[in-house]
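Subject: Structure handover

Hello,

Here is the structure I said I would pass on. My notes on what was found in it follow below.

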Amino acid sequence: MSETQGLKVVDAFDLEDEIRKALKPGELVFDEQGRRHRLPRYFYEIPDHDVAMNTRLTPHFGLNEFIFVDFKEDAHLQAFPKYVPCAVRVLAFFLEQFRAAAGASVHVQVNGGYRSPTHKMSFNASPHMWGTAADIYRIGSTILKTRDAIEKFNDIAEDLSEDVHVLPYGHITGKAADDHVHIDLGYITLVPREIGEDRMEQPQENRPRFAFEDRRKRERRAAEPVTSD
Ligand SMILES: [Zn+2]
């Protein structure tokens with residue numbers, strides 16, 4: 001039983017305006033070749049720091065590694081509850097295989113996992129926006145700075161599966177990696193079992209479905225000035 005089964009799955013169309021606008025569920029973005037790809041709609045909702053730290057996706061990868069961002073992420077997405085596309089579990093599965101093949105621990109860096117479409121490092125249709133890419137700066141005791149080290153681990157990653165894509169060593173920011181290994185699985189969107197896909201693709205106005213939304217609405221109401229006539 002995966003520990004992510006304890007996490008709530010949300011349809012991003014149901015989330016509050018600021019969050020939904022930052023996650024852009026279902027929107028189409030262009031890749032470098034001009035092909036369009038649809039952004040993910042179903043996310044795990046991570047209520048707090050403890051849950052992020054204590055949820056394992058695989059024996060060696062915790063959920064926290066994939067949602068660790070700094071000020072480059074949209075301000076509304078820096079605080080809990082946080083959201084990560086459900087496909088992150090597939091990424092963790094592949095990284096676990098990669099770790100075994102590399103024979104050493106694999107470290108995902110800050111901003112190296114999920115990046116929302118509004119993250120400052122998001123460009124074109126980066127698979128990071130699908131939760132299916134990881135930037136790795138260190139493997140075991142090897143800091144990935146040299147061409148030799150990056151190409152060695154790129155080869156190991158590519159040998160895992162035809163579905164694994166890496167970026168070549170290079171110096172063009174965003175298009176090649178010169179200080180990390182970038183592993184991605186392309187545009188996987190995962191529809192969790194508990195989701196029915198027959199709902200309209202639009203915000204469900206005035207239908208709070210999640211406890212924290214009810215709580216926020218109550219807090220807002222409580223904060224409103226009392227008027228009397
Ligand atoms: Zn990357």
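The protein chain has five helices and 12 strands; helices (H or I, at least four residues) and strands (E, at least two) are DSSP runs, numbered from the N terminus. This is a predicted model, in which local features need pLDDT of at least 70 and side-chain atom pairs count only at pLDDT 80 or more, while totals for chains, interfaces and linings use all residues. Residues are numbered from 1 along each chain as its sequence is written.

Of the 229 residues in the protein chain, 33% are buried. A residue is buried if 20 or more other C-beta atoms lie within 10 Å of its own, exposed if 12 or fewer, and partly exposed in between, with C-beta atoms placed from the backbone. Among the contacts in the protein chain with a separation of 6 or more, 68% are between residues 24 or more positions apart. Two residues are in contact if their C-beta atoms, placed from the backbone, lie within 7 Å.

The helix pair

Two packed helices are described by the angle between their axes and the distance between the axes. Here helix α3 (residues 88–102) packs against helix α4 (residues 147–158) at an angle of about 125°, and their axes are 9 Å apart. That makes α3 oblique to α4. Axes are lines fitted to C-alpha atoms, for helices over the stretch in contact, and angles run from 0 to 180 degrees between N-to-C directions. Angles under 35 degrees count as roughly parallel, over 145 as roughly antiparallel, 65 to 115 as roughly perpendicular and the rest as oblique.

On the α3 side, Phe98, Ala101 and Ala102 meet Phe153, Ile156 and Ala157 of α4. The residues of this contact divide into six nonpolar, no polar and no charged. For these classes, Ala, Val, Leu, Ile, Met, Phe, Trp, Tyr, Cys and Pro count as nonpolar, Asp, Glu, Lys and Arg as charged, and the others, Gly among them, as polar.

The sheet β1-β4-β7

Three strands form an open sheet in the order β1-β4-β7, with antiparallel pairing. β1 (8–11) and β7 (82–85) are at the edges with a single partner strand each, so one side of each has no neighbour in the sheet. From one strand to the next, the twist averages 40°. Two strands pair if DSSP finds at least two bridges between them.

β1 pairs with strand β4 (residues 42–46) in the antiparallel sense over four bridges, and Lys8 has Glu45 in β4 as its bridge partner. β4 also pairs with β7 in the antiparallel sense, over four bridges; there Phe43 stands opposite Pro85 in β7. From β7, Lys82 and Val84 point one way, Tyr83 and Pro85 point the other way, and all are buried.

Pro81 is in the loop between β6 (61–62) and β7.

Strand β12 and its partners

Strand β12 (residues 181–184) pairs in the antiparallel sense with strand β9 (residues 133–139) over four bridges. Strand β11 (residues 165–166) pairs with β12 in the antiparallel sense too, over two bridges. Ile183 in β12 has Ala134 opposite, and Val166 also stands opposite Ile183. Val181 and Ile183 point one way from β12, and His182 and Asp184 point the other way; all are buried.

Loop residues

The loop between α1 (17–23) and β2 (28–30) holds Pro25 and Lys24. Pro25 counts as buried because it has 25 C-beta neighbours inside 10 Å. Setting aside residues up to four places away in sequence, Pro25 touches Ala12, Phe13, Arg20, Leu39, Pro40 and Arg41. Pro25 and Arg41 are 16 residues apart in sequence, and their C-alpha atoms are 4.6 Å apart in space.

Most residues other than glycine have a negative phi, and most peptide bonds are trans. Lys24 is not a glycine, yet has a positive phi of about 50°. Lys24 is partly exposed, with 17 other C-beta atoms within 10 Å. Asn111 likewise has a positive phi, near 65°, in a residue other than glycine. Asn111 lies in the loop between β8 (106–108) and β9 and counts as partly exposed, with 18 C-beta neighbours inside 10 Å.

Regards
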